[in-house]
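Have the viewer open while you read.

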Amino acid sequence: MATRFRGFLPVAVDVETGGFDSGRHALLEIAAVPIEMDETGLLYPGQTASAHVVPAEGLEIDPKSLEITGIILDHPFRLAKVERDALDHIFAPIRVAMKKYGCQRAILVGHNAHFDLGFVNAAVNRTGHKRNPFHPFSVFDTVTLGGIAYGQTVLARAATAAGLGWDADEAHSAVYDTEQTAKLFCKVANSWPRP
């Protein structure tokens, strides 16, 4: 893995948020799937880690965002973690996978990846987290990969074109979107000639 991606471990990530501005809107949910490699060099999605997040104090939540995601902030089974604990929960398995594959950094794989990375970086900055495994600005974006491989830039359409299927009822949950993004990334990467 370290030689395949120049020392980077690809990790699929999706966030659900209270809006579009990472400096103004709250992080509400995050999921991450480290990408694994089998003995033949084929990539596959690893274990999913996820956390609901308590909105950080002073940040906004646009009600329209909650309509789209279906998140009910005061739901008794939401079991949300404060931002620092949510980041620790997500970062721990990423560090384990980095060590397993001899990678120095993780690289975020996302659908509109800079959006997700912006919210991760904002949460890291707010909490003063010192052990962010992700590269601060480089990403693998499945919008681009889906467009190149399948002529589709919307995640649902790219996943369908890749033969992965799509469940509209599950969409806009961080776990489902992350797992679909991880599968899409692996499908495209595995079909590409290896260096």
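H2 and H3 pack at an angle of about 125°, so the two are oblique to each other (angles under 35 degrees count as roughly parallel, over 145 as roughly antiparallel, 65 to 115 as roughly perpendicular and the rest as oblique). Keep in mind that this is a predicted model, where local features need pLDDT of at least 70, side-chain atom pairs count only at pLDDT 80 or more, and totals for chains, interfaces and linings use all residues. Residues are numbered from 1 along each chain as its sequence is written, and side-chain values use heavy atoms, with hydrogens and water left out.

Contacts here mean heavy atoms within 4.5 Å. From H2, Glu83, Arg84, Leu87 and Phe91 touch Val120, Ala123, Val124, Arg126 and Thr127 of H3. By class, that contact has five nonpolar, one polar and three charged residues.

The other pair is H4 with H6, where Thr142, Leu145, Ala149 and Tyr150 of H4 meet Thr181, Leu184, Phe185, Lys187 and Val188 of H6. This contact has six nonpolar, two polar and one charged residues.

| Pair | Angle | Axis distance |
|---|---|---|
| H2 and H3 | about 125° | 9 Å |
| H4 and H6 | about 45° | 10 Å |

Back to H3, residues 113–127: its buried residues (under 20% relative accessible area, 1.4 Å probe, protein chains only) include Phe119, Val120 and Val124. Among the elements covering the buried residues of H3 are helix H2 and strands E1, E2, E5 and E6. Just past the helix, Gly128 has a positive phi of about 65°.

Definitions and conventions:
Buried means under 20% relative accessible area, exposed over 50%, partly exposed in between (1.4 Å probe, protein chains only). Helices (H or I, at least four residues) and strands (E, at least two) are DSSP runs, numbered from the N terminus. Axes are lines fitted to C-alpha atoms, for helices over the stretch in contact, and angles run from 0 to 180 degrees between N-to-C directions. Ala, Val, Leu, Ile, Met, Phe, Trp, Tyr, Cys and Pro count as nonpolar, Asp, Glu, Lys and Arg as charged, and the others, Gly among them, as polar.
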